[in-house]
Each structure stands twice: as structure tokens, then as C-alpha cells.
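Visitor: I have just opened my first protein model. Could you show me how to read it?

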Amino acid sequence: MSLKVYINGEYFDKKDAKISVFDHGLLYGDGVFEGIRSYNRLVFKLKEHIDRLYESAHGIMMRINLSKKEMITSVVDTLKFNKLNDAYIRLIVTRGIGDLGLDPRKCKNPSIIIIADRIRLYPDKLYREGLRLITVPTPRNIPEALNPQIKSLNYLNNILAKIEGINSGYEEALMLTASGYVAECTGDNVFIVKGNDLITPPAYLGILKGITRAAVMGIGKKIGLDVKEDVLTRHNIFTADECFLTGTAAEIIPVIGVEKRVIGNEKPGKITLRLMKEFRELTKKDGVKY
Ligand SMILES: Cc1ncc(COP(=O)(O)O)c(C=O)c1O
């Protein structure tokens, strides 16, 4: 059966799933989205993703014409309809169809799109052996201009950083704030382990407040780590015992180096491996069943 895509309450075959060229999501990146995952018919942290989606929409002053409850039902129905046990769900809400001007008042109804498919962000080998990052020149958007806490359809900032990483031969790029502090990677949050401390940059610096990040902070507390949100410099990464990234698509991936520098003993760290194991366990029990 071909993949069925939800668009504004109707299902379309993948090849027929199309939206208007006058949709401001396409014309201006005017819209918001979520990446959500289901494991063995459990949608992981669905409520948190829906809350963030509505918060992002509020941030760009866009009213979604479905209640949160209806949105949850639509996501679950799309998964059921596609008979997917394990899936990556892309939930998109654009400003909708308008004219060629910027004016969002011309867009009467947001377009809601739900795609349920599969994803593998990095090759398996990197989960076993660890990933190397490169710090790229493009800084993360300054929060005063476009707050990275809004998960908007405008991802050019991250894409430019990704291109810079790839052009230098690296799979993933470390992005700094405009002041030079560690922000996050192109689609993942970053953590370090130093002694018993588990540290990640605070959201006010201008990063996406990751849902995997929050889950990992919760696990960290549960297993007795001192979990902190603190400003980090590249020096903190270079001298960390361990480093890893978190994200819905990436889950938890160990980082063993930045540029030619080595982090810890250049192997996925003990605490990282423990967190990966605990995270896998959490995905088996935390979620909305379908
Ligand atoms: C820029 C950025 N940072 C961090 C994350 C990780 O967030 P989450 O764990 O909610 O997927 C993502 C993924 O959506 C992202 O795009």
C-alpha cells in the first residue's frame, strides 16, 4: 500500500499529496512543524510535541483551527491508517494559501499536513563508534530576531550550517551563538558529561528546547547525575569526559571529537551508553498507544 498523507482532514496517496504554490509555507517558510516518533505503536511524548507545536504557532501569531485533542487524534489516525508500528511523523502547519505578498491576513486557513514515514538520521556505525563534529562559521539565529525556540518552517540557518559541515567532510555541525557560546547542532541538542555533571546549554541562549533533551535530563536525574543547564564554550566541549547529541530523529548519538580534537578517550562514554539504554527503555513505556 502506498503511503497516505493527511492534508486538512483528507488522506492522499504520496504521489497526489500536494499543496498550493500560493501556500505561504512554501513562499515564505511561514509556518511551524514537529518531528515526532512512534515506537512499537506508542507515540513518544506526543503531548509534549503538540504543546510545542501550538506554542510555536502562538509565537508566529498563527491560530491553528484544530484543538490540541483533535490534532492528537489526527496524528494517531494517520499512523493507524498507514499501519505503521514504528514511524517518524512530520506534522506541519503552514500559514495557508494567500497571495504573493507577505501579508498573513490574506491567508484565511492554515494548512495541516501529517506525513508518517520512517527515518534513519545517521548510519548505525556512528551510534556504535561515535560522531565527529565541526564548528561552523554560521552562528545560530539570534533569539531577538527569530527565536530558535520557535520550530518554524524556516530552517535555512540550520541548512547553511549543515552545508558548511558537509563541505568540510563532517556529518554534523556544531553551531555557536552570535557571542560564541555553544548553542546546538543543526537538528540536535548537545550535552556534555564532566565528572558527575550532565550539562546542556540553557534555552535562553537561543536553541530549540528539545523534547529528547528534556527526556534525557529526566533520565539523568533519575540515575543520580547532577543535571545542569549552563552556558558552555568550545573549551568545555574539548575538555569534557563525554559528549553526545539528542533529537527525535537522532535519539542519542555519542560524539567523540570536534575537528581534530579528541573528546574523552575517543569512544562513546560509559554514561552516554547508559543514557542510550535508559532512553530505549523509556520509549517502550512512555507514549500514546494506538
Ligand atoms: C535545531 C534543533 N535542535 C534540537 C532538536 C531536537 O529536538 P527534539 O528532541 O524535540 O526532536 C531539533 C529537532 O527537531 C532541531 O531541529
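**Reading the strands**

Guide: Gladly! In the hairpin of E3 and E4, with 2 residues between the strands, asparagine 40 takes a positive phi near 45°. This is a predicted model, where local features need pLDDT of at least 70 and side-chain atom pairs count only at pLDDT 80 or more, while totals for chains, interfaces and linings use all residues. Residues are numbered from 1 along each chain as its sequence is written, and side-chain values use heavy atoms, leaving out hydrogens and water.

Visitor: What are strands, and when do two strands pair?

Guide: Strands (E, at least two residues) and helices (H or I, at least four) are DSSP runs, numbered from the N terminus. Two strands pair if DSSP finds at least two bridges between them. Here, E3 pairs with strand E4 (residues 42–43) in the antiparallel sense over 2 bridges, and serine 38 stands opposite valine 43 in E4. E3 also pairs with strand E5 (residues 87–94), again in the antiparallel sense, over 8 bridges; there valine 32 stands opposite valine 93.

Visitor: How many residues of E3 are buried?

Guide: Buried means under 20% relative accessible area, exposed over 50%, and partly exposed in between (1.4 Å probe, protein chains only). In E3 (residues 31–39), 9 of its 9 residues are buried. Gly31, Phe33, Gly35, Arg37 and Tyr39 point one way, and Val32, Glu34, Ile36 and Ser38 the other way.

Visitor: Is lysine 4 buried or exposed?

Guide: Lysine 4, in strand E1 (residues 4–7), is buried because its relative accessible area is 18%.

Visitor: And why does phenylalanine 22 count as partly exposed?

Guide: Because its relative accessibility is 38%. Phenylalanine 22 lies in the loop between strand E2 (10–13) and helix H1 (24–28).
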